[in-house]
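Dear colleague,

Please find the structure below, handed over for your records. My notes on what was found in it follow directly after.

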Amino acid sequence: MDVEAGRNGTARRPRSADGDLELSSRSNQDRKKMKKVNLIGPLALFRYSDWQDKLFMSLGTIMAIAHGAGLPLMMIVFGEMTDRFVVTAGNFSFPVNFSLSMLNPGRILEEEMTRYAYYYSGLGGAVLVAAYIQVSFWTLAAGRQIRKIRKEFFHAVLRQEIGWFDINDTTELNTRLTECDLF
């Protein structure tokens, strides 16, 4: 079989003696039954959102950017912290007015590391708050849109003719309403 023909779906299947007629008749019936799926654009997904949902999604996106910026900022703080180890342990040149209080690099290093610990704590808290706001705003917007979709679907089912309920099962409504969570 040609590899390119297999990829684009034009390759022919090998024929068997007793199943050819049955397979071809089934595929023709399936083609007739199959409906064309209309694809929508990415912005059409949000057609059930109002101004509040768009505000929640915008703020959630801004918080997602802030959440994502947390790790690079922590790497910058970590790089400066390691640079302080090198500067503190570097060459000491004694000034003319030398006192023993100036020769305590451990105290200076401890103060600087405490300052970097505060930086890390602040960044960690900011990332935690940004992540919480990001998830909660997007979840809130999604829940509001799902509620609108379910409400419209329910009203569309109620507008159906009575024969539609004879054809479709009563449990199918519940199944379709819960499938709205997936989209």
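Arg-144 counts as buried, because its relative accessibility is 17% (buried means under 20% relative accessible area, exposed over 50% and partly exposed in between, with a 1.4 Å probe and protein chains only). This is a predicted model, in which local features need pLDDT of at least 70 and side-chain atom pairs count only at pLDDT 80 or more, while totals for chains, interfaces and linings use all residues. Residues are numbered from 1 along each chain as its sequence is written, and side-chain values use heavy atoms, with hydrogens and water left out.

Arg-144 is placed in helix H4, which covers residues 105-158 (helices are DSSP runs of H or I with at least four residues, strands are runs of E with at least two, and both are numbered from the N terminus). Leaving aside residues up to four places away in sequence, Arg-144 touches Asp-50, Gln-52, Asp-53 and Phe-56, where contact means heavy atoms within 4.5 Å.

Arg-144 forms a salt bridge with Asp-50 through their side chains, at 3.1 Å from N to O (a salt bridge is a side-chain nitrogen of Lys or Arg within 4 Å of a carboxyl oxygen of Asp or Glu). This pair links distant parts of the chain, 94 residues apart: Arg-144 belongs to helix H4, and Asp-50 to the loop between helix H2 (20-33) and helix H3 (51-88). Asp-50 counts as partly exposed, because its relative accessibility is 26%.

The side chain of Arg-144 also meets that of Asp-53 in a salt bridge, at 2.5 Å from N to O. Since Arg-144 lies in helix H4 and Asp-53 in helix H3, the pair ties together parts that are 91 residues apart in sequence. Both partners, Arg-144 and Asp-53, are buried, and for Asp-53 the relative accessible area is 0%.

Asp-53 has a further partner in Lys-148, with a salt bridge of 3.0 Å from N to O between the side chains. Lys-148 lies in helix H4 and Asp-53 in helix H3, so this pair ties together parts that are 95 residues apart in sequence.

Finally, an unreviewed UniProt entry lists residues 55-78 and 116-141 under "transmembrane region" (positions are given in the numbering used here, feature names are shortened, and annotations may be inferred rather than shown by experiment). Residues 55-78 are 100% helix and 0% strand, with end C-alpha atoms 35 Å apart. For residues 116-141, the span is 100% helix and 0% strand, and the end C-alpha atoms lie 37 Å apart.

With kind regards
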